[in-house]
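Trainee: I am new to this structure and would be grateful for a close look at a single part of it. Please describe that part in one connected account.

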Amino acid sequence: MMFKSLIDNLALITEACKKEFKLIFSDSAVKMSYMISFILVGFFYSYVYSYEIFTDLPVAVVDNDQSTMSRTVNRMLDGSPELEVAYTTTSMDVARKLFDQEKVKGIIVIPADFSKDIQKGNAPTVSAFCDASYMLYYKQTLGSVMKAVGTYSAQIEVNKVMAKGTPMKQAVESRRAFDGKGIPLFNINSGYGTFLLPVVFIIAIQTLQLTGMGILGGTLRERGIFAQTFAYANRRFSSIFLTIGRGLAYLIISLVLFLIQVCVVMHIFTFPQRGNLFEIVMFMIPVILAITFLGMTLINFFRKREEAIMTITIFSVPTLMISGASWPFITFPVWLKVIAVFVPSTLGVQGFLSLSQFGASLIDIKDIYIQVWGLALFYFVTAVWTNRRLQQKGIKTLEKEKVIDIIE
């Protein structure tokens with residue numbers, strides 16, 4: 001008897017999985033928003049950010065001093081890999097016009113008494129006007145100016161000390177008490193793509209899968225055919241095995257899509273992948289399951305297929321923000337941390353970055369791994385309840401329709 005029950009439950013899981021596959025591949029909107037879009041997003045974003053860093057950012061230098069020293073600073077700025085001095089002028093108005101015309105992304109102003117102040121021992125001020133609306137423009141311009149001016153200032157101080165008879169080595173050491181050298185451990189090129197793409201993959205798989213599930217679930221509810229579609233799940237505890245079977249279909253599809261990104265896209269565009277592929281897959285299983293069961297739960301709020309597209313799209317940006325990629329997770333207020341933990345992509349981003357970029361193992365991130373399994377179990381319970389509720393509601397509706405037909 002127990003063996004027959006086990007066979008029946010396995011058959012129910014298999015049938016539910018086959019039925020979900022059929023529903024997914026028979027709906028062109030689901031295929032486009034879920035599978036095709038995820039592949040396109042992976043290739044498109046990877047291509048856009050494949051250059052990692054940009055160089056020779058055009059800037060204008062307003063040289064009000066017109067001296068040998070100011071021209072030296074100008075050459076140092078132009079010689080840096082980050083900047084290109086596209087225009088040199090003595091008029092701030094001309095520089096602003098160039099900036100407004102977007103011919104330059106920053107303005108650097110060398111004051112009129114630059115060389116005189118240096119000769120007198122005073123510290124002149126070199127001003128940098130950056131495009132703060134674009135973080136990378138601002139960071140690159142300001143950083144390059146500080147590096148060039150700092151290097152030139154250090155050179156002047158060393159020359160002054162050497163003029164007093166101090167050997168060059170001692171003069172340099174008096175200016176720089178210790179050597180500081182920054183070595184990036186993981187993002188070696190400080191590339192934006194290496195930083196962003198692993199996060200995008202997790203956010204994309206969550207957003208697009210939830211959208212596809214919302215479209216499909218909204219269609220079933222809109223047409224009132226949820227109970228008819230899964231009418232074979234009519235035994236005791238059938239909702240549990242129905243949920244497992246439906247979830248298995250999404251797990252297979254999402255894992256295949258994710259492996260395409262990790263093994264193909266990241267390889268083509270040479271993004272680093274330092275983790276053990278087997279451990280990454282083991283970690284992504286509960287992440288995808290949590291997303292899947294969350295998607296089943298959200299069907300409670302989608303009565304039409306269009307509602308899923310609008311709602312999930314709106315929340316995709318906040319999801320990225322609370323993942324901890326755009327702002328450190330530790331700085332979030334407690335209430336936002338609680339909300340963030342209930343979003344599968346939050347733990348998914350943290351774990352995937354640790355495994356694929358930092359070279360960590362599952363043992364190293366066992367706390368995150370346990371939490372994501374707990375989240376998957378939590379949403380499994382809510383998904384079972386949702387499937388059962390929609391089944392019962394559909395059955396009651398069908399019974400009422402039969403009664404009406406009999407009366408008529």
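Mentor: Helices are DSSP runs (H or I, at least four residues) numbered from the N terminus. This is a predicted model, in which local features need pLDDT of at least 70, side-chain atom pairs count only at pLDDT 80 or more, and totals for chains, interfaces and linings use all residues. Residues are numbered from 1 along each chain as its sequence is written, and side-chain values use heavy atoms, leaving out hydrogens and water.

At the start of helix 2, a side-chain oxygen of aspartate 27 comes within 3.0 Å of the backbone nitrogen of alanine 29. Buried residues (under 20% relative accessible area, 1.4 Å probe, protein chains only) of helix 2 include Val30, Ser33, Tyr34, Ser37 and Phe38.

Helix 2 packs with helix 10 (residues 238-268) at an angle of about 20°, their axes 10 Å apart. Helix 2 is therefore roughly parallel to helix 10, a term for angles under 35 degrees. Contact means heavy atoms within 4.5 Å; among the residues making it are Tyr34, Phe38 and Gly42 of helix 2 and Tyr250, Leu257 and Val264 of helix 10.

Leucine 208, in helix 8 (residues 192-223), is buried, with a relative accessible area of 16%. Leaving aside its neighbours within four places in sequence, leucine 208 contacts Ser33, Tyr34, Ser37, Phe38 and Val41. The C-alpha atoms of leucine 208 and phenylalanine 38 are separated by 6.7 Å, although the two residues are 170 residues apart along the chain.

Definitions and conventions:
Buried means under 20% relative accessible area, exposed over 50%, partly exposed in between (1.4 Å probe, protein chains only). Helices (H or I, at least four residues) and strands (E, at least two) are DSSP runs, numbered from the N terminus. A polar contact is a pair of N or O atoms within 3.5 Å; within protein, one must be able to donate a hydrogen and the other to accept it, and residues adjacent in sequence count only if both atoms are side-chain atoms. Axes are lines fitted to C-alpha atoms, for helices over the stretch in contact, and angles run from 0 to 180 degrees between N-to-C directions. Angles under 35 degrees count as roughly parallel, over 145 as roughly antiparallel, 65 to 115 as roughly perpendicular and the rest as oblique.
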